[in-house]
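Biologist: I would like to learn how to read the features of a structure, one at a time. Please give me the general idea first and then the case at hand.

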Amino acid sequence: MRFNNFLTLLLFGAFIMFSCHSTKEIYEEDYATNDSLLTTEIPIEIPEIITYKNATFNSKIKTVLCHKKEEELSLPILNLKAEDQLLVSFDDLDADIKDYYYTIIHCNSDWTASDLMQSEYISGFTDEPITDYEFSFNTLQQYTHYSFSFPSEEMKALLSGNYVFKIFEEGGKTVAYKRFMILETKVTIEAQVRRATLAEDRKTKHEIDFTIKHPNLVVADPFSDIKVTIKQNNKEDNAITDLTPIFVKNNELVYDYEDDNTFWANNEFRHFDIKSLRFQSDRIKEITYDSTFNHVYLFKDRKRPFDRYSIEPDINGKFLIKSQEGWKSSIEADYAFVHFTLPVDHISYGDLYILGEFSDWELKEDFKLEYNDEQKQYEGSIYLKQGYYNYLYALNDISTDRVDISFIEGTHYQTRNDYQVYVYYRAVGDRYDRFVGFLKTSSKELF
C-alpha cells in the first residue's frame with residue numbers, strides 16, 4: 001500500500017512538472033523580459049492568452065523595420081506563393097556581433113497564437129540565423145545593423161493569415177516581435193469613406209461602409225465564418241473588430257452601419273525632418289551635439305482642438321529612415337535625442353504621449369511626456385534614427401479609459417486618413433483564420 005501511494009505521488013509530481021514545462025513553452029513570451037519568473041516559485045495556473053504586438057524587449061535594439069523590399073512605406077503584407085519579399089531590419093546599439101535568429105509564429109485574426117504546429121505552416125527550417133550585418137559608418141552613435149529577407153530558400157510560409165517574426169538571441173532570449181501578414185485573395189471588397197451619417201458626428205467623424213463579394217468562397221454562416229477588422233492608418237488602439245453583416249445577399253455581405261463603423265477623424269499629423277543634422281529644417285529650432293549624443297530641439301508645439309482645419313502634407317503617421325549626407329542610410333544615418341515641448345495646463349486625469357508608427361502606435365514609457373511646473377509645459381525626448389517622422393499628441397484619459405487624440409489635436413471630417421479593411425475566413429472544422437481579403441482606401445476625397 002505504501003509503495004502504491006508513493007508511486008501515485010511520484011506520477012502526480014511528474015505530471016505537474018510536465019504541465020509547467022508545457023505552459024512555459026506555449027507562453028514563453030511571458031518570461032522573455034523577466035528572468036526572475038523562471039523559478040520554482042511559479043504558481044501552477046493557466047496563463048492569460050497572449051496577444052502578439054510589435055514590441056522590443058531590449059533597450060539596445062532600435063528601429064525595427066518590416067516592409068516590402070524597395071517599398072519602405074509599405075504595409076508588411078505578402079501574397080501567398082508570390083515572389084515578393086519582406087525586408088526586416090534592426091539596429092543593435094551595443095555595436096558588436098551577436099548571434100541572432102528568427103522564426104515565425106502563426107496567429108489568429110486577433111493576433112493570439114493559432115493552434116497549428118510549426119510544421120503545418122512553415123516549409124523548411126523552423127528558425128534561421130540572421131547573418132547579414134553591417135557596422136555603422138561615420139556616426140556618433142555606433143551600432144550594428146542586422147537585416148534578413150523573408151521568405152528565403154530555407155524558410156517559407158505555407159498558409160495565409162497573421163504572422164509574427166520572433167527575433168531572439170542564441171540561447172532563446174526574445175529581443176523583438178514584428179507583425180506581418182500572408183494574403184490569399186478569395187474575396188473582393190468595395191468600400192466608401194464618408195462623413196458620419198449621424199448629425200452630431202458629421203463634422204468630426206468618418207464612416208466606412210463596405211461590401212464583401214465572395215463568389216469563389218462558400219460561406220455557410222457569414223456571422224461566424226467571416227471576421228472583419230477595420231483600421232485607421234493601421235493603428236491598433238481604435239481598430240473595429242466586431243462587425244457582422246447587416247444584409248446577406250447572394251455572394252455578398254453588406255456592412256452599412258450608421259455608428260458602429262465610425263472613427264474620429266482627428267487632424268493631420270505633425271512632422272519633423274531630421275534627415276540632416278547639419279542644417280535646420282522648418283520644424284527644427286536647434287541642433288547640438290557633444291562627444292556622446294546628438295540633440296535636436298523642435299519648436300514648441302501648440303494645442304489645436306479649436307483651430308480651423310488646414311491642409312498639412314503628411315504620411316499618416318509613418319516614418320522614413322534617411323540620411324541626407326549619406327549614401328547608405330541604413331548604416332550612415334545617425335541617432336539623436338529629439339526634444340518635444342507642448343505648453344498647456346497640467347492635465348490631472350491622464351498622461352500625454354507622443355504617438356506614431358515609430359512608437360508602434362503604443363503608449364510607451366519612452367514616449368511619455370513629463371510636466372514642467374516652472375515652464376508650464378509638457379516636455380520629453382526620444383532617441384531616434386535620422387529620417388522624416390509623423391506624430392501626434394495622445395492623452396491616456398483615465399476618466400474614460402481611452403486614448404484621446406482629439407483633446408490636443410482636434411478632429412475634422414476633412415482630415416485625410418488611410419483606412420484598411422482586413423477580411424478573415426474560418427469555415428466549420430478549420431483550425432486557423434485564413435486572411436482572404438484586403439483593401440486600402442482613403443478619406444482624401446471628402447475635402
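Predicted model: local features only at pLDDT ≥ 70, side-chain atom pairs only at ≥ 80, totals over all residues.

Biologist: What cut-off makes a residue buried?

Modeller: Buried means under 20% relative accessible area, and exposed means over 50%. Phe135, with 42%, is therefore partly exposed.

Biologist: How should I read a pair of aromatic rings?

Modeller: A pair of aromatic rings is described by the distance of the centres and the angle of the planes. In this structure, a search of the whole model finds 37 aromatic pairs. One of them joins Tyr133 and Tyr146: the ring centres are 6.0 Å apart and the planes stand at 45°, so the pair is tilted. Tyr133 belongs to strand β8 and Tyr146 to strand β9, so the pair ties together parts that are 13 residues apart in sequence.

Biologist: What is the geometry of the pair Phe150 and Phe165?

Modeller: The pair of Phe150 and Phe165 is edge-to-face, with 5.3 Å from centre to centre and 85° between the planes. Phe150 is in strand β9 and Phe165 in strand β11 (residues 161-169), so this pair ties together parts that are 15 residues apart in sequence. Both Phe150 and Phe165 are buried.

Biologist: Which residues form one aromatic cluster?

Modeller: The cluster is made up of Phe272, Phe319, Phe340, Phe358, Phe367, Tyr389, Tyr391 and Tyr393.

Biologist: Strands β8 and β9 have come up already. What is the strand order of the open sheet of 4 strands?

Modeller: Strands of a sheet pair through backbone hydrogen bonds, either parallel or antiparallel. Here the order is β2-β4-β9-β8, and the pairing is antiparallel. Strands β2 (61-68) and β8 stand at the edges with a single partner strand each, so one side of each has no neighbour in the sheet. From one strand to the next, the twist averages 15°.

Biologist: How many bridges join strand β4 to strand β9?

Modeller: Strand β4 (residues 86-92) and strand β9 (residues 144-150) run antiparallel and are joined by 7 bridges. Within this pairing, Asp91 has His145 of β9 as its bridge partner, and Leu87 stands opposite Ser149 in β9. On the β2 side, β2 and β4 pair in the antiparallel sense over 6 bridges. There, the bridge partner of Lys62 is Asp91 in β4. Of the 7 residues of β4, 6 are buried, so the strand is largely enclosed by the rest of the structure.

Biologist: Which residues form a nonpolar patch on the surface?

Modeller: Ile97, Tyr133 and Phe135 form the patch, with about 290 Å² of accessible area together. Phe135 is found in strand β8 (residues 132-135).

Biologist: Now charged residues. How many salt bridges does the structure hold?

Modeller: Side chains of opposite charge can pair when their charged atoms come close. This structure holds 29 salt bridges. In one of them, Asp209 pairs with Arg194, and the closest N and O atoms are 3.2 Å apart. Asp209 lies in strand β14 (residues 205-213) and Arg194 in strand β13 (residues 188-195), so the pair ties together parts that are 15 residues apart in sequence. Asp209 is buried, with a relative accessible area of 8%, whereas Arg194 is partly exposed at 32%.

Biologist: Where do Asp301 and Arg283 lie, the pair that meets in a salt bridge?

Modeller: The side chains of Asp301 and Arg283 meet at 2.7 Å, N to O. Asp301 is in the loop between β21 (294-298) and β22 (319-321), and Arg283 is in the loop between β19 (270-273) and β20 (284-289), 18 residues apart. Asp301 counts as buried at 7% relative accessibility, and Arg283 is buried with 14%.

Biologist: What about Lys364 and Asp360?

Modeller: Lys364 forms a salt bridge with Asp360, with 2.7 Å between the closest N and O atoms. Lys364 counts as partly exposed at 24% relative accessibility, while Asp360 counts as buried at 15%.

Definitions and conventions:
Residues numbered from 1 in each chain as written. Heavy atoms only, no water. Patch = residues over 30% accessible without salt bridge, like charges linked within 9 Å, V, L, I, M, F, W, Y side chains within 5 Å. Areas by Shrake-Rupley, 256 points an atom, 1.4 Å probe, with all protein chains shown as cover. Salt bridge = Lys/Arg side-chain N within 4 Å of Asp/Glu carboxyl O. Helix = DSSP H or I, 4+ residues; strand = E, 2+ residues; numbered from the N terminus. Buried < 20%, exposed > 50% of the residue type's maximum accessible area, 1.4 Å probe, protein only. Pairing = 2+ DSSP bridges. Axes fitted to C-alpha atoms, helices over the stretch in contact; angles between N-to-C directions. Phe/Tyr/Trp six-rings, centres within 6.5 Å; stacked < 30°, edge-to-face > 60°.
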